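The exercises below are to be worked with the sequence and the model side by side, and each task is followed by a solution in steps.

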Amino acid sequence: MMTEPDKDPLADIAGEDDASLLADHVAATDLTSLVEADDDEREEDMSASEEDSSWISWFLSLRGNEFFCEVDEEYIQDDFNLTGLSSLVPYYDYALDMILDVEMAIEESLTEEQQELVESAAEMLYGLIHARYIITNRGLQAMYEKLTSASFGKCPRAFCSGQPALPIGRSDVPRNYTVQIFCPIWSLLWNNISSSLHANIP
């Protein structure tokens, strides 16, 4: 009668070790794949959010533009609300298209220097539109909400107990005066410390 050859006890141990190493390798590979997939999803989400961001949202997020509120695009698209502004702003049509995120082949038709002028004109135009918008019902409501949340800052006087302040423009002409701060309790104006950052506010 034939008998089975004696098994090497170390062979079973080696087999178990190989299986364990293989399982660990598969688990590590799966984990790495999950991490890479998660990173790819985050990059896609960031790219999508950047693409979805409008010019107005980008402009309002810039340091120094805290005094602006968001102007409704419907208001900007109404030519009646923009009457007379074309004579004040260079490259008016290009600037308006930039604010409204209208697709335009600006790189092909303008030089690099002109493109910079258009960007500056868009910022000026938004400031002029903003000055008109904030005296409408919706604009007043938007500014009131920013005031009550102290988005414009607070009065520095100790006796005013942190009274929310309000930015005041003294002229409708761009860059004619720097924006000042008004305290409802003190009833006086004072110069804004960072007025150079708010140059586009009429």
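**Exercise 1.** Does D72 count as buried, partly exposed or exposed? Then find the partner of its side chain in a salt bridge.

*Solution.* This is a predicted model, in which local features need pLDDT of at least 70, side-chain atom pairs count only at pLDDT 80 or more, and totals for chains, interfaces and linings use all residues. Residues are numbered from 1 along each chain as its sequence is written, and side-chain values use heavy atoms, with hydrogens and water left out.

Step 1: buried means under 20% relative accessible area, exposed over 50%, and partly exposed in between (1.4 Å probe, protein chains only). D72 has 27% relative accessibility and therefore counts as partly exposed.

Step 2: a salt bridge is a side-chain nitrogen of Lys or Arg within 4 Å of a carboxyl oxygen of Asp or Glu. A search of the whole structure finds one, in which the side chains of R138 and D72 meet at 3.0 Å, N to O. The two residues lie 66 residues apart, R138 in helix α7 (residues 137-148) and D72 in the loop between α2 (55-61) and α3 (73-77); helices are DSSP runs (H or I, at least four residues) and strands likewise (E, at least two), numbered from the N terminus.

Step 3: R138 is also partly exposed, at a relative accessible area of 44%.

**Exercise 2.** Describe how strands β2 and β3 are joined.

*Solution.* Step 1: two strands pair if DSSP finds at least two bridges between them; four bridges join β2 (residues 180-183) to β3 (residues 188-191), and the strands run antiparallel.

Step 2: Q180 stands opposite N191 in β3.
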